[in-house]
Amino acid sequence: MKKLTVLDVTLRDGSHSMRHAFTEQQVRDVARGLRKAKVQYFEVSHGDGLGGSSLQYGFSKVDELKLIEAAREECGDSAISVLILPGIGVKEDLKNAVKAGAKMARVATHVTEADVAGQHIYLSRELGLKTVGFLMMAHMAPTSVIVEQAKLFESYGAEIIYVTDSAGALLPHEVKERVAALKSHVSCEIGFHAHNNLSLAMANTIAAVEAGATYVDGSLRCLGAGSGNTQTEVMVAVFDRLGYETGIDLYSAIDVANEVVAPFMPRPQEITGSSLMMGYAGVYSSFLLFTQEAAKKYNVDEREILVELGKRKVVGGQEDLIAEIARNLSLFSKKLPLLKVVR
């Protein structure tokens, strides 16, 4: 039977939907459930990674190091992963995460900017962490460029390289092409992270595995940015039917999803008009709540904001443009009074 490693991101990607307000008790309960389900790795940090708690990205209700420590006390044989984006998180954040209990670091960059990750990947390896290169917004670059960037990650010491569909914009054949290319050109294991904005997260995850990915991400009840991620408990069931071994106990995964995660979710992770537009326009999934707030403030259609963000190819770190675009749309939508012609 073919083996897969499922990495659960409920306690990191789900932070976006939770407005970074996870409590220590929620983290403990989820970690305990994931341990019982025998999930090998699960991620704990601010939605935008270590150091993400800020005015720009949203402040965490509880310091992420305390959340990592709480997860460590409950995780048993499971291991804690953290995400770090160079420019948001710094080396000291990674060192502190290791002290708190992290065993894996996923170093994330925009799909064309792997060159900024070298020092973080080197440090991660020095600290003894399982080290991952995480290429975000993978729909925004041709396959040849993704291969070049993956080779950079590999040269720095990454052990696994992810194709990351941050906007939920990729179609199954596009996922398969990207993963297959990496499988052919790098010696690292390949991972895939999906978002469900076009209702394709599960289909895209299957396509990635069929093309050679051995690490796949999911979140319980789809709790994540935009319309969420591939649903962990569904993925476990589907891959079991397909003949893949995940090592995860399906009943326990369903139990923690339904009995622990579902009660504290602020909203169902359904595909709304706005999250659909994110996938259609290729917009970073974590922009959803920022866009909704700006649309309300300036009384404009949030779909128009998302389309404009897509046209401008805005990426993570440019959240300030959301309000600017909303303000401009509001101004343009107001009809100016006709000028009288003086004869």
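Which residues of helix H13 (residues 302–312) are buried? I started my notebook with that one, bearing in mind that this is a predicted model.

**Entry 1, helix H13.** I get Ile 305, Leu 306, Leu 309 and Gly 310 as the buried residues of H13. They sit on the same side of the helix, because they cover an arc of only 135° around its axis. Next I looked up what covers them: helix H11 (273–281), helix H12 (288–298) and helix H14 (320–333) are included in the cover. I also checked what comes just after H13, and found Lys 313 with a positive phi of about 55°.

**Entry 2, the barrel.** I traced the strands and got a closed barrel of eight, in the order S2-S3-S4-S5-S6-S7-S8-S9, with parallel pairing. From one strand to the next, the twist averages 25°. Then I looked at S2 (residues 5–8) and S9 (residues 215–218), which pair in the parallel sense over four bridges. In that pair, I see Val 6 standing opposite Val 216 of S9.

Two helices on the sheet went into the notes as well. Helix H4 (residues 91–100) packs there, touching strand S4 (79–84) and strand S5 (102–110), and its direction makes about 150° with that of S5. Helix H5 (residues 118–126) lies across S4, S5 and strand S6 (130–136), and I noted that H5 runs at about 155° to S6.

Is His 195 buried or exposed? It has a relative accessible area of 5%, under the 20% cut-off, so His 195 counts as buried.

Its side chain has polar contacts that I wrote down: one of 3.2 Å to the side chain of His 193, and one of 3.4 Å to the side chain of Asn 229. Leaving aside neighbours within four places in sequence, I listed residues in contact with His 195, among them Asp 13, Asp 165, Ser 166, Gly 228 and Ser 285. Asn 229 is in that contact list too, along with Ala 167, Gly 168, Ala 201 and Ala 225.

How many disulfides does the structure hold? I found zero. Cys 75 has 7% relative accessibility, so I put it down as buried. Cys 222, with a relative accessible area of 8%, is buried as well.

Conventions:
Residues numbered from 1 in each chain as written. Predicted model: local features only at pLDDT ≥ 70, side-chain atom pairs only at ≥ 80, totals over all residues. Heavy atoms only, no water. Disulfide = S-S within 2.5 Å. Buried < 20%, exposed > 50% of the residue type's maximum accessible area, 1.4 Å probe, protein only. Pairing = 2+ DSSP bridges. Axes fitted to C-alpha atoms, helices over the stretch in contact; angles between N-to-C directions. Contact = heavy atoms within 4.5 Å. Arc of directions from axis to C-beta. Polar contact = N/O pair within 3.5 Å; in protein donor to acceptor, adjacent residues only side chain to side chain.
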